[in-house]
Amino acid sequence: MMQTLAGSPLIGEFSVFLDERMGLHYPPERWRDLERAVTQMAGELGFADADACMRHFLGTQVERRQIETLASYLTIGETYFFREPASFEALATHVLPPLIAQRRQSFRSLRIWSAACSTGEEAYSMAILLCRLIPDIREWNITLLATDINPRSLRRAIDGLYGEWSFRGIDPETRRNYFTPRGNKWEVAPHIRRMVTFAYHNLAEDRYPSVHNTTNAMDIIFCRNVLMYFSHDRARQVVTHLQQSLIDGGWLVTTAVEGSADLFSPLVNVGLPDVILYRKQSGGSLSGAPVLSEPEPAMASLPPLPPEPVPVAAPVTDEPEPDPLAYVIQLYQRGANSEAIALLQADPLLGEDGRRMTLLARLFANEGRLDLALDWCQRALGQDRLAPDRHYLLAMVRQELGDTRGAADALKRALFVDPDYILAHVALAGLAKGDGKVAEAKRCYRNALSLLQSLDPGQILPEADGLTAGRLVEIIRVANAEIGP
């Protein structure tokens, strides 16, 4: 009979590891459940038992593949199409109609994120709802991002094949209109599948909001049935970042079991019957949220400004001159976009410093004010056409605006200036993948991987919002595998 570990210090240490790396909270009363899950997983990873498996995770530099296998056993999401229909009804009647009417008068775009999407039913349900509400949806720029920590769930979501259990409660007409029978399963219609982008994302560990993983400037975020698995401090941190990922006036869709209203402050509970919707007010911030350990953000690696001339009579010290942008960068990192924008726009050096212009463009992109982000990108490039990071940022903004050709041109200019600019290779691969150009996508991924081989896995890439070289290698390998041999 297997000796239980539920009362040992080892499983307590392992539960701390799970909280730090994945945000999953296992109090002592759930340690037996945790032990059973790790015992089942140990064989797949090649360990003799749960004890050896946990010691490996605690004592070595764990590969992302192993973290993802662990997630596959510990995060088994249970979902189905139009789950909790009151939420979709509230979106269809109260939230989306005025938002669609407003955007119809401007740039016809919507940005929606299904965080912790499990096997994808929630994201596809949202795509179906948008198709019903927007007759000319082909003329719109719709971003529908769906992320999860469980790679097996994501693979099922990308396949888009579902059995009867996923359709409980759905009306037959919806199934006929948006799905095609495939044996004993149903396949999501191609035009619905094309609307959704699936990606791996760890709410506890990865950075957001960020233009690099398109988690910025969201109109609506779904985060349902996930915060309840986190400790209070970790859940508070996640809500902080989700709040920062919303535009002013944006909506967070959650459930009653996630926590009290205090957890979501300063988001405001709209108070509709049978549904939990929070809304971000203008200038809202979570300054009281606890700060948990995170990697240093890449923005901190901006090159220092040239030092001011030292007067002849002034004493010379070894202390470096303070960076005048340091405080604004801190605001950017905390998600205080409005305050940072106001300080930059009042800065008399703004019109003379491309660095300030670039930072302002990033801030406007995070706010969803893409026209201003585009303008400041172009102004920053006017100061220095040989700055590859500015061409790259311009490409990210153009892509969010739906201008994929303009985005590709900007990325090619970034690589003309610096052929070793890794992020541009990866972004070009993503554009090629979206266009079905498999050979071109694979070539761009190979170029990026070749450049990454010379870097330390823990090295933070410049201008990448905290993304490390090792993490990008893992992202590329997953994305490359998705498009086949």
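**Exercise 1. How many aromatic pairs does the structure hold, and how is Phe82 placed against Phe88?**

Start with the count: the structure holds 15 aromatic pairs. Rings of Phe, Tyr and Trp (its six-membered ring) pair if their centres lie within 6.5 Å; planes under 30 degrees apart are stacked, over 60 edge-to-face, and the rest tilted. This is a predicted model, where local features need pLDDT of at least 70, side-chain atom pairs count only at pLDDT 80 or more, and totals for chains, interfaces and linings use all residues. Residues are numbered from 1 along each chain as its sequence is written, and side-chain values use heavy atoms, with hydrogens and water left out.

Now take Phe82 and Phe88: their centres are 5.1 Å apart and their planes 65 degrees, an edge-to-face pair. Next, check the burial, where buried means under 20% relative accessible area, exposed over 50%, and partly exposed in between (1.4 Å probe, protein chains only). Phe82 has 16% relative accessibility, so Phe82 counts as buried. Phe88 is at 3% and counts as buried too.

**Exercise 2. Work out the geometry of Phe264 and Tyr278, and find which parts the pair ties together.**

Step one: the ring centres are 4.4 Å apart and the planes are at 15 degrees, so this pair is stacked. Step two: find the elements, which are DSSP runs numbered from the N terminus (helices: H or I, at least four residues; strands: E, at least two). Phe264 sits in helix H11 (residues 261-264) and Tyr278 in strand S10 (residues 276-279), so the pair ties together parts 14 residues apart in sequence. Step three: both Phe264 and Tyr278 are buried.

**Exercise 3. Which residues touch the most other members of the largest nonpolar core?**

First, the term: a nonpolar core is a set of buried Ala, Val, Leu, Ile, Met, Phe, Trp, Tyr and Cys residues joined through side-chain atoms within 4.5 Å. The largest one has 97 residues, and Leu18, Phe57, Met126, Leu130, Ile192, Ile220 and Leu227 touch the most other members.

Then zoom in on Leu130. Skipping neighbours within four places in sequence, Leu130 is in contact (heavy atoms within 4.5 Å) with Leu96, Leu110, Ile112, Ile137, Ile142, Leu144 and Met195. There's also a second, separate core of 61 residues, including Ala365 and Val426.

**Exercise 4. Where does Met228 lie, and is Met228 buried or partly exposed?**

Look for the loop between strand S7 (218-222) and helix H10 (232-245): Met228 is there. Its relative accessible area is 36%, so Met228 is partly exposed.
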